[in-house]
Amino acid sequence: MGPHPAVAAIRLAVRRVLHDILDDHLTDDTETSATPAQTPHERPPSPLVLVACSGGADSMALASALAFEAPKLGIRAGGITVDHGLQPGSDLRAEEVVLRLRELGLDPVESAAVTVGREGGPEAAARDARYAALDDAAERHGAFAVLLGHTRDDQAETVLLGLARGSGIRSLSGMAAVSGADGRYRRPFLQLDRQTARKACMAQSLPVWDDPHNTDPAYTRSRLRHEGLPALEKALGKGVVEALARTAQLSRDDADALDSWAGQAEASVRDATGLLECAKLHALPPAVRRRILRRAAIEAGAPAGSLFARHIEEVDRLITGWRGQGAINLPGRVVAQRQGGRLVIRQG
Ligand SMILES: Nc1ncnc2c1ncn2[C@@H]1O[C@H](COP(=O)(O)OP(=O)(O)OP(=O)(O)O)[C@@H](O)[C@H]1O
């Protein structure tokens, strides 16, 4: 008898990503293997892949599938859990996760304790601290990739959060299957629903830990998960999550295309001194023009995370609704103003 269908599904998802990782690793090695010491018969060392595991159902399922699939492909597999220190006893729980990962046969396995700051709110601060710890672990162990357990349901939630912010298709494109420095982060479960991951844990008798934050109504994402999405499914039907995840993929492709268009158009709207020419900007489609303005503001020192659509719209009015308005203040003490048909964006 073959494995439970849910177990087969998680293993297939991980196998696909491991194949991609092997391909990338091979290309990477060919590029850097021009060292004279290496003979043509020497095989590159097998890549190390770490799973980021909270002990929750999604990432435990991911860890189990990695432990099963990696050795078959000659990949070394390890795991890391981050102790955010936000709840009493979180250190003991992290140790428990470490034990479970070791029991699965992963090596190296470690827990990393972090201090969560306040910047950007509790969720963003925890995320920043978590990714810093994951980056650090990947560097220390020389890991080629880090797997994350985000599912299609997480993707649907991310799309809705982006939609509610009203900030354009980049934020509708949700999470990428591959992201981070050199494509370090991989999300094998983006097409898989959360129920499958949970069932796979049950079928393998893997104990899972349900993070109380995931059900705490103080968190926006938790309210969306437990109230927002069920209400949407009730109103629109069961296919909503899948449709939102598809929206993410389509939006990502569109956003990438527009970003690349803006990158190419930018050179053509700058004068010989590098200043942006308002008339040429005016002739561009708004989606391309606003991207150029956003890039220029970031280049001048505006922090990307604090630069909102309304800031860019106001700068855009210097081009499309010019009535002699004054300088516009942007985050990061950046100032945008129109001078003699040119747009000057610089730190003031
Ligand atoms: N404390 C942690 N330590 C290590 N990795 C983590 C931790 N928290 C989250 N992650 C990683 O980020 C992914 C997404 O986490 P998040 O909490 O947003 O989703 P989740 O649906 O609750 O996932 P899970 O069921 O795995 O906890 C996890 O699947 C895991 O790969």
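At which residues does UniProt place the feature "binding site"? I looked this up before anything else. The UniProt record, an unreviewed entry, puts the feature at S54, G55, G56, A57, D58 and S59. I note here that the structure I am reading is a predicted model.

**Entry: the ligand shell**

I next listed what lies around the ligand. I found 16 residues surrounding the ligand, and the closest are A52, S54, G56, S59 and G149. S54, G56 and S59 are also among the positions in the UniProt feature.

I then asked which elements supply the shell. Helix α2, residues 57-69, and strand β2, residues 76-83, each give at least two residues to it. The largest share comes from α2, with three residues.

I also sorted the shell by class. I noted seven polar residues, five nonpolar and four charged.

**Entry: G55**

I located G55 in the loop between β1, residues 48-52, and α2.

Is G55 buried or exposed? I have it down as buried, because 20 C-beta neighbours lie inside 10 Å of it. The cut-off for buried is 20 or more.

For its contacts I left aside neighbours within four places in sequence. On that basis G55 touches M60, T81, R93, E96, V97, V208 and W209. Of these, I note that T81 falls within β2 (76-83).

**Entry: D58**

I found D58 in helix α2.

Why does D58 count as buried? I recorded 25 C-beta neighbours inside 10 Å, so D58 is classed as buried.

With neighbours within four places in sequence again set aside, D58 is in contact with G149, T151, F189, R194 and A197. G149 was already in my notes as one of the residues closest to the ligand.

**Entry: domains**

I turned to the chain as a whole. The domain assignment gives domain 1 as residues 5-244 and domain 2 as residues 269-347. I noted 38 Å between the centres of the two domains, taken over C-alpha atoms.

I checked the pairing of β8 in detail. Strand β8 pairs with β9, residues 334-339, in the antiparallel sense over three bridges.

Which residue of β9 does I328 stand opposite? I found A336 there.

Notes:
Residues are numbered from 1 along each chain as its sequence is written. This is a predicted model: local features need pLDDT of at least 70, side-chain atom pairs count only at pLDDT 80 or more; totals for chains, interfaces and linings use all residues. A residue is near a molecule or strand if its C-beta atom, placed from the backbone, lies within 6 Å of it. Helices (H or I, at least four residues) and strands (E, at least two) are DSSP runs, numbered from the N terminus. Ala, Val, Leu, Ile, Met, Phe, Trp, Tyr, Cys and Pro count as nonpolar, Asp, Glu, Lys and Arg as charged, and the others, Gly among them, as polar. UniProt positions are given in the numbering used here, feature names are shortened, and annotations may be inferred rather than shown by experiment. A residue is buried if 20 or more other C-beta atoms lie within 10 Å of its own, exposed if 12 or fewer, and partly exposed in between; C-beta atoms are placed from the backbone. Two residues are in contact if their C-beta atoms, placed from the backbone, lie within 7 Å. Domain bounds come from an automatic or database domain assignment. Two strands pair if DSSP finds at least two bridges between them.
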